[in-house]
Amino acid sequence: MVKGRESKADSCKNTQKRGKIVMPRATKQPTLFQEGEIAALDPRLARLMQICGIEHLPPVHTRHIPIEKIVVPGEAQVMPSPRFIRSIELVGIRQPPSVAFDGGSAWNAPDATYVVVMGRRRIVSARQLMAARGDARFKTIKCEVYEWNAPRLNAFLGLVENEQRSQSWVTDVVRLRQLIREGIAMTLDDLKSYGFHAKTIKGRLDIALLPNAILDQICAGMVSLDVAMQVLRLKEDQLHRLETLVQDGEEVTADLVKSLLKRQVNQGLASVQTNLSQMWTAIPGTALDAASTSLSSPTIQVLSSASNEPASLATVLALLKQFEVQTQHDLALQRVGTLTKVLIKELEIALHTPSMTKKEGETTDV
Amino acid sequence: MFDTFPKAIPDERGCGEREGGGVYLECGVSPYGSSLEHFLFDPPLPLPDGVDLVNKPQLWARTDPVSGEPILDLETNAPVYDVLIWVGAEHYPEATDYIEETRRLGASRRINPQLDLSRLTCRSRMLLAHPRAIIASWQGLIPPQRCKKRLPYHDQVFYTERYQDQLVVGEGIDATHDDERVGPCVFKLWEVLPKDEAIETFGREGHHPLCLRQIGSTIYEYTPTGEQVSGWQPGFLLGLPITGIALIEYQDGSVNTRAKDKLLIGVEQNGEMALPFYQTDR
């Protein structure tokens with residue numbers, strides 16, 4: 001919960017020295033938490049602050065900061081996607097990045113510089129737009145300014161922000177559902193041009209279009225994203241079945257969706273099963289020995305045992321093999337050599353392909 | 001531990017060489033085996049809705065198409081499991097590339113060693129799917145010259161024989177739009193291979209050219225008709241028996257112990273129906 005805005009804290013003096021965290025003692029400052037909240041601090045937060053090496057959370061103020069005063073750690077490695085930059089260009093920075101006082105005479109002094117805590121891609125995008133298009137909107141950036149810098153806390157807040165982002169898919173679905181209900185005419189291409197990732201937003205949209213009974217559970221946060229995505233794999237029959245079950249009070253669980261998917265795939269595999277069983281009965285002999293259920297070998301070693309094959313075929317094969325060796329030493333015969341190799345393989349296969357008994361009992365050569 | 005059993009030939013494949021620690025399902029080759037055509041699905045069968053096989057081989061309990069109940073092995077009284085496997089276009093751009101390689105070298109497909117390999121028995125099959133297995137626009141293409149499964153209403157040979165008495169000598173028949181035609185015949189896949197990807201082309205007067213195509217160490221011939229395919233669908237092409245499992249050794253000679261343990265459990269619980277396995281350095 002972010003509390004406090006530019007007010008009394010404006011007059012505070014910086015007591016921090018660079019490279020060392022010194023806690024300001026001022027009491028009436030806007031802070032990340034209200035005093036009462038700090039008094040009743042969750043022991044886990046107390047533990048976190050201990051780990052971060054701070055006694056309390058830095059006071060925070062909303063300020064417009066010149067973009068050149070903002071330092072992005074590892075800026076060269078921060079590469080916002082084109083669609084992210086497109087989104088910033090289109091609607092500007094709607095959510096102020098968080099920065100922490102990093103250097104200068106005081107956190108609010110004209111010579112102050114700031115390091116980004118959250119919103120590195122936003123700042124880098126704004127900087128790129130400034131440089132490439134001279135976009136004046138980004139000369140100053142509205143930021144949440146922490147009076148002092150606590151690097152360990154920054155790392156933690158960054159993690160929290162990313163975690164929250166990954167959880168926000170339900171909110172996305174709720175909002176899309178609302179837009180759909182209100183009849184907003186927007187295509188996927190529209191959404192893409194506003195900076196949404198096409199695949200992600202399509203997934204969210206598909207979820208938002210699920211039957212109401214299922215969607216209610218999703219919007220209530222009862223279903224994980226994985227399970228919701230599995231629901232999307234259900235076709236009409238099984239989806240309808242799921243809807244009926246949910247209307248009867250079932251919960252959309254991973255097991256339930258899995259069982260419906262399994263049923264769907266089994267139905268789809270029916271033709272495969274039928275073909276398999278026909279193949280099986282068509283194999284010569286009924287014994288399930290490994291050799292008879294394998295592939296016919298094209299190897300030449302068994303040539304000698306193929307005495308029942310026409311002698312002329314074996315002779316041709318032997319001759320071809322002899323000729324193929326000859327072609328290896330003559331550049332002019334290179335193409336003929338390749339063709340001969342293929343011919344040899346084909347003859348080998350033909351020599352060792354047994355006749356196949358068809359289901360009807362008709363014998364054919366393959 | 002096992003008598004000799006058919007193995008795949010460890011020659012260069014379209015997907016490269018087998019990797020140490022890998023577990024590979026094999027359909028080996030043997031002079032007593034059946035021809036590859038026998039194991040082809042003709043026409044290829046579409047993938048069921050909702051199944052995602054890309055990079056995820058899956059064990060699937062075989063079910064009775066009518067009752068939907070699992071099919072039990074008469075020997076072990078346990079469900080029969082098949083393995084659904086995706087053959088990617090990254091290594092095998094065309095479905096025929098994989099089929100022809102398998103014809104020559106047998107099949108060898110890497111699977112996730114975390115799968116419960118003890119469930120596989122001699123009755124298990126590997127069902128292989130490819131993204132370009134089904135020619136969606138087949139009805140606009142002429143039937144293949146020859147269906148090697150000799151299925152009715154599949155190929156030119158069938159139509160020529162059927163309407164022989166109505167044809168003048170030397171005259172052909174165009175069955176492209178025949179209502180009774182069945183397809184897409186899997187053997188059409190060879191005829192629509194691109195001519196410009198051939199490693200060698202041999203012109204033949206009055207006939208389509210004879211082309212050679214290479215995938216790994218496999219070179220095979222085809223006669224492209226020059227027809228264009230406007231749409232493809234993924235589908236199952238092959239239902240191969242599993243003749244054994246190869247455990248590829250690391251440099252120190254060890255193999256994936258977890259997979260081996262599972263296979264040993266399988267040997268114990270499946271008895272004579274257990275799949276044989278072997279260790280090899282390649």
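**Notebook: chains A and B, predicted model**

I began with burial: of the 366 residues of chain A, 22% count as buried. I call a residue buried if 20 or more other C-beta atoms, placed from the backbone, lie within 10 Å of its own. The model is predicted, so I took local features only at pLDDT of at least 70 and side-chain atom pairs only at pLDDT 80 or more, while totals for chains, interfaces and linings use all residues. Residues are numbered from 1 along each chain as its sequence is written, and chains are lettered from A in the order in which they are written.

**Chain totals**

I looked up the secondary structure next. Chain A has 15 helices and eight strands. Chain B has four helices and 13 strands. Helices (H or I, at least four residues) and strands (E, at least two) are DSSP runs, numbered from the N terminus. In chain B, 46% of the 282 residues are buried.

I then checked contacts, meaning pairs of residues whose C-beta atoms, placed from the backbone, lie within 7 Å. I looked at those with a separation of 6 or more. In chain A, 72% of them join residues 24 or more positions apart. For chain B the figure is 76%.

**Confidence**

pLDDT is the predictor's confidence in each residue, from 0 to 100. Chain A has a mean of 76, and 74% of its residues reach 70 or more. I marked two stretches of chain A where pLDDT stays under 50. One is residues 33–39, with six contacts beyond four places in sequence. Another is residues 299–310, with ten such contacts. Where pLDDT is low, the predicted coordinates should not be read in detail.

**Where the chains meet**

I found 43 residues of chain A in contact with 43 residues of chain B. On the chain A side, α12 (254–268), α13 (270–282), β6 (295–296) and α15 (334–352) each supply at least two residues. That side has 21 nonpolar, 17 polar and five charged residues. Here Ala, Val, Leu, Ile, Met, Phe, Trp, Tyr, Cys and Pro count as nonpolar, Asp, Glu, Lys and Arg as charged, and the others, Gly among them, as polar.

I also followed β6(A) across to chain B. This strand and β2 (residues 29–30) of chain B pair in the parallel sense over two bridges. I count two strands as paired if DSSP finds at least two bridges between them. A:Ser296 stands opposite B:Ser30 in β2(B).

**Helix α9 of chain A**

Which residues of α9 (residues 212–219) are buried? I found A:Ile214, A:Leu215 and A:Ile218. Seen down the axis of α9(A), they fall within an arc of 95°, so they line one face of the helix. The arc is that of the directions from the helix axis to the C-beta atoms. These buried residues pack against α6 (169–181), α8 (198–208), α10 (225–232) and α11 (236–247) of chain A. Just after the helix, A:Gly221 takes a positive phi of about 75°.

**Strand β5 of chain B**

I turned to β5 (residues 81–86) of chain B. Six of its six residues are buried, so the strand is largely enclosed by the rest of the structure. B:Tyr81, B:Val83 and B:Ile85 point one way, and B:Asp82, B:Leu84 and B:Trp86 the other.

I then listed its partners. β4 (residues 58–61) of chain B pairs with β5(B) in the antiparallel sense over four bridges. There B:Trp60 stands opposite B:Asp82. β7 (residues 125–135) of chain B pairs with β5(B) in the parallel sense, over four bridges. B:Ile85 has B:Leu128 of β7(B) as its bridge partner.

Methods. A residue is buried if 20 or more other C-beta atoms lie within 10 Å of its own, exposed if 12 or fewer, and partly exposed in between; C-beta atoms are placed from the backbone.
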